[in-house]
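Please look through the structure shown here before reading on. The paragraphs below go from one chain as a whole to the contact between chains, and then to a few annotated positions.

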Amino acid sequence: MGLTKRIIPCIDVDLDDDGDAAVYTGVNFENLEYTGDPVELAKKYNAAGADEFVFLDITASAEGRETMLDVVNAVADECFIPLTVGGGIRTKADIKETLRAGADKVSITTGALERPELIEEGAAAFGSQCIVISVDARRRHDDAGEHFYRDADGEEVWFECTKKGGREGTGIDAVSWAKEAEERGAGELFVNSIDMDGTKDGYDVPLMKAVCDAVSTPVIASSGCGGPEDMYEVFTEANADAGLAASIFHFGDYSIEETKEYLDERGVPVRL
Amino acid sequence: MSTFEPPAETLADVVLVDYGLGNLRSATRGLERAGASVEITDDPEAFAAADGVVLPGVGAFREGMENAGPLREALTDHAAAGRPLFGICLGMQMLLTSSEEADHEGEGEVTGLDLVPGTNVRFDVDRKVPHMGWNELSVEREHPIVEGVHGEYAYFVHSYYAEPDDPDAVVATADYGIDFPAVVANEAGNVFGTQFHPEKSGETGLRILRNFVEYCAER
């Protein structure tokens, strides 16, 4: 069968009112809703056949980071699959600390946009395979970009990198940035769409295809997954290597098993 | 998916070689779950006392061999004595003789442990490199390390793969445009390695680690 497409549940970790780690799921990077205990959720997904985990610390605070490292440590004790951890990683020391806690890869967004050399430094010290660059892109319909595509309505569109969880634009073309990140030593790209996040209307396929066509490192497609058919679309039309989803799994709309069975029946290679 | 049951007691004492590369934590946890008591050390004296030695590895061949240089003799002596030596990922590649990865002009030659004669070559396929993710194992011949894992999936991250001189050294393969060796072993059977990370390969990986621990216990 060869290499399979990876199905990755994403777990956004925040602190609840008691300061304990909790999983929240949001819409358009906002309106977060409590969905459970991160370690319990990870164990459940591991048993259900998750291929990998992405944990994001959405507090971006010192307390959040500490809690996150405890969560990663606890999950790594139970689940023998790759763990990617992101949120607030800005320095080589942050990378090291996160890997030491049990992460196999770190996902970096703002830290790399503000200081791209961090990618080289991380890759040189820890290997490219553990440096994941997260691209939080949003659609723009003006002419300020470098690479232009057609969106689902046939309109011309380019994709802009944002930072700080989608709150700030950068003017940087996301496809150009993806290529630069790869050249600097990123081992994987984690592509989010601010427009589609939490909508369950499907991935931003033109965005995913644009990045997949531009780079040769693996691409994790994220944001907007509403069900197995969206995963099918992003694997077959954009050729993404992995599909990430949060709310459909957290709220129990679909299980990981169901999603994999759906893909398997349609000829998409998955680990069953 | 099979269910992995950890053993109730320690089956074997295993040394995890610390030569300064990579995160040894997940390999330690995996081995412990498989029934090993694990000592992380770079002290060659400890090799002799252990039931088996694990050579982990994340990173580049040259750096790996240079860092492991002081341990070369202890590792080859251990292997020559017929005792279990298990290389993981880069640790497996280091069991071979050479690697294209280390061929840089002006840097001088770097030689592997030469316990499984052959070379490590870069993927030359029309696909993404590194080969990253879960791939299916095809067991090509019997060896205790691969018992019960034919057709199961393992997690790989690598750009180079082993090409042993002796085709019989290939225990299992995976398909990435070509069938490349996923598990190799020496002729005596006591030196072996996996290109994938068993400590990251879920139940299948734990099964392989358990196979290793049981093999160590029987020695």
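What percentage of the 272 residues in chain A is buried? The model is a predicted one, and in it buried residues account for 55% of the 272 residues of chain A. A residue is called buried here when 20 or more other C-beta atoms lie within 10 Å of its own.

The overall dimensions of chain A can be set beside that figure. A compact globule of 272 residues would have a radius of gyration near 19 Å, and chain A, with 17 Å, agrees with this. Along the principal axes, the C-alpha trace of chain A spans about 45 × 45 × 40 Å. Chain A contains 10 helices and 13 strands. Of the contacts in chain A between residues at least 6 apart in sequence, 64% join residues at least 24 apart.

Next comes the interface. In it, 25 residues of chain A are in contact with 27 residues of chain B. On the chain B side, the elements that contribute two or more residues are helix 1 (25-33), strand 7 (131-136), strand 9 (153-158) and helix 6 (202-218). Strand 7 of chain B gives the most, with 6 residues. Sorted by class, the side of chain B that touches chain A has 10 nonpolar, 10 polar and 7 charged residues.

The annotated positions are taken up last. Which residues of chain B does UniProt list for "active site"? The record, an unreviewed entry, gives B:Cys89, B:His197 and B:Glu199. These residues span 111 residues in sequence, yet no two of their C-alpha atoms are more than 10.8 Å apart, so they gather at one spot.

Two of these positions can be followed further. B:His197 is in the loop between strand 13 (191-194) and helix 6 of chain B, and B:Glu199 is placed in the loop between strand 13 and helix 6 of chain B. Are they buried or exposed? B:His197 counts as buried because it has 25 C-beta neighbours inside 10 Å; B:Glu199 has 29 such neighbours inside 10 Å and therefore also counts as buried.

Their contacts, leaving aside neighbours within four places in sequence, are as follows. B:His197 is in contact with B:Ile88, B:Cys89, B:Tyr155 and B:Gly205; of these, B:Cys89 is itself listed in the record for "active site". B:Glu199 is in contact with B:Ser26, B:Ala27, B:Gly30 and B:Gly205, and also with A:Phe80 of the other chain.

Conventions
Residues are numbered from 1 along each chain as its sequence is written. Chains are lettered from A and ligands numbered from 1 in the order in which they are written. This is a predicted model: local features need pLDDT of at least 70, side-chain atom pairs count only at pLDDT 80 or more; totals for chains, interfaces and linings use all residues. Helices (H or I, at least four residues) and strands (E, at least two) are DSSP runs, numbered from the N terminus. The radius of gyration is taken over C-alpha atoms; the globule rule is 2.2 Å times the number of residues to the power 0.38. A residue is buried if 20 or more other C-beta atoms lie within 10 Å of its own, exposed if 12 or fewer, and partly exposed in between; C-beta atoms are placed from the backbone. Two residues are in contact if their C-beta atoms, placed from the backbone, lie within 7 Å. Ala, Val, Leu, Ile, Met, Phe, Trp, Tyr, Cys and Pro count as nonpolar, Asp, Glu, Lys and Arg as charged, and the others, Gly among them, as polar. UniProt positions are given in the numbering used here, feature names are shortened, and annotations may be inferred rather than shown by experiment.
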